Amino acid sequence: MKNVTVSNLSLVLAFALVLVSIAISAKEKLGLTKDILISVIRAIMELVIIGFVLKFIFHIDTLWLTAFSTLIIIFNASWNANERNPDSHKKLWSSIIAEAVGTYVTLSLLIVSGVIKPIPMQVIPITGMIAGNEMVTIGLCYKALNESFHDLRQQVLEKLALGSDIKMASMPIIRRSIKTAMQPTIDSAKTVGLVNLPGMMSGLIFAGVNPIYAIKYQIIITFMLLSATGLGAVISGYLAYKQYFNEQMQLRD
Amino acid sequence: MTIIELKNVDYQMGKRTILNNLSFGIKNGDFLTLIGPSGAGKSTILKLIANLISPSSGTIFYHGSDIQKLDPIKYRRQVMYCFQQPVLFGKTVKDNLPFPYQIRNKEVDLDRLDSLLKIVDSPAEFLNKEINSLSGGEKQRVALIRSIVFLPKVLLLDEVTTGLDGKSKEIVHRLIESVHRQGTTIVQVTHDQSEIQVAKNVLEIKSRGLVNEKCNG
Ligand SMILES: Nc1ncnc2c1ncn2[C@@H]1O[C@H](COP(=O)(O)OP(=O)(O)OP(=O)(O)O)[C@@H](O)[C@H]1O
Ligand SMILES: [Mg+2]
């Protein structure tokens, strides 16, 4: 693992990379300097804290603490997914259910099939990867729902007036939103290895693992993300569309 | 017998009062015509009756029960609203007319669709027509048939003949007449002078829902 240590000096020098984006922002008058600085500082602080927390959890190595960590990750991802929902009647629990089911089903399959061991060093990073990807997917699903309910409003009203239930009235919208949400995951699955070396695989190769092993992992990761984001999109879509209607089954303004 | 009754109905939109303390009843089997200036709230009244929106205060009764206490889906199948500018779904006429069957989990009755299409002078091949190729009048006919495949108890027509030529208007009138003859209560909104002249029961909606009853017949 000698090759993967980063000296503190290299870290400081790498900060020059941040200066590049700040310089661009300043020169092009993008007004992003403050945003960039804040996000960099936040990232540094969060990563330092996470680093120590992970070290602690790996050291303690109990099942309960590991399970608790996955809950925290899922809650955090749900919270962020929910923040991306433009609907003013959104409900946090729809994100939590979608995240929890998608993550735990996928995680269980991975553990049962022996792909990963139920140890914190494997469970926690994988949970983070699944929950993070799901968060993006669910956020996209929410945005697509919102846009479609706006674009297809008249059609939904028409169906309600014909005596349709809210599910039938929203079906084209739900389908379209789930599709939109899953598209990036499917697209990136198409280009794995050709265009982009995904993070997991890069990391393993970086750490000196035989690329053949790294590829096996990557294949599994790709499957895993398809499953998790699929579940996340479907569940969040079917839960969140209901919030566009009131208890009289009228489309809200 | 009164089938629909509005009692002290208010409708606010934000701070704006669209309807203020509106009360009137509609008799079962009636053919009522609502008239009034643009923006008076005629469409709003029909949407309230169809339970597509709810009054800010006041109550709407259907056969004596508060419609807010009824199952909205079953209710809307009996009290059907037809939009001023209908939107058809999907690509062809076929994507629209079976919809009422689909939402009731029923087999499509092609004979029934055929006979309805006949009333509006459209051949059965009409089902395969692309929506984008339909004229305004044809669209309105499809939308109307979609609403009456299962005969509603009350049909709320929001200016369904506006913008149609004489021939299309005549066909739509024929369809509405046939529905009315089968016992459906009709409430129509119109600006059309010829329709107003032949109307028996006319209710004039002035601004904010003040009403003025007139009887021609
Ligand atoms: N979605 C809406 N947003 C804002 N205002 C609305 C909306 N719908 C209706 N209104 C307002 O409510 C009032 C009544 O509208 P409504 O459509 O019921 O009138 P109307 O009598 O049907 O008019 P018209 O003859 O032009 O169809 C109008 O002043 C209109 O501006
Ligand atoms: Mg109107």
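Helix α1(B) contributes three residues to the shell around ligand 1, the most of any element. Helices (H or I, at least four residues) and strands (E, at least two) are DSSP runs, numbered from the N terminus. The model is predicted: local features need pLDDT of at least 70, side-chain atom pairs count only at pLDDT 80 or more, and totals for chains, interfaces and linings use all residues. Side-chain values use heavy atoms, without hydrogens and water; residues are numbered from 1 along each chain as its sequence is written, and chains are lettered from A and ligands numbered from 1 in the order in which they are written.

In chain B, α1 (42-49) and β2 (16-27) each supply at least two residues of this shell. The ligand is surrounded by 14 residues. A residue is counted as near if one of its heavy atoms lies within 4 Å of the molecule. The closest are B:R16, B:S38, B:K42, B:S43 and B:T44. By type, the shell holds seven polar, four nonpolar and three charged residues. Here Ala, Val, Leu, Ile, Met, Phe, Trp, Tyr, Cys and Pro count as nonpolar, Asp, Glu, Lys and Arg as charged, and the others, Gly among them, as polar.

On its own, ligand 1 has 630 Å² of accessible area, of which the protein covers 62%. Accessible areas come from the Shrake-Rupley method with a 1.4 Å probe.

Chain A contains nine helices and zero strands. Its C-alpha atoms fill a box of roughly 70 × 55 × 35 Å along the principal axes. An automatic or database assignment sets the domain bounds. Domain 1 spans 1-60 and domain 2 spans 62-244 in chain A. Their centres, taken over C-alpha atoms, are 26 Å apart. Seven residues from domain 1 of chain A and eight from domain 2 of chain A make the contact, defined by heavy atoms within 4.5 Å. The two domains of chain A bury about 680 Å² between them, 83% of it on carbon and sulfur atoms. Buried area is the accessible area (1.4 Å probe) that two parts lose on being put together, summed over both.
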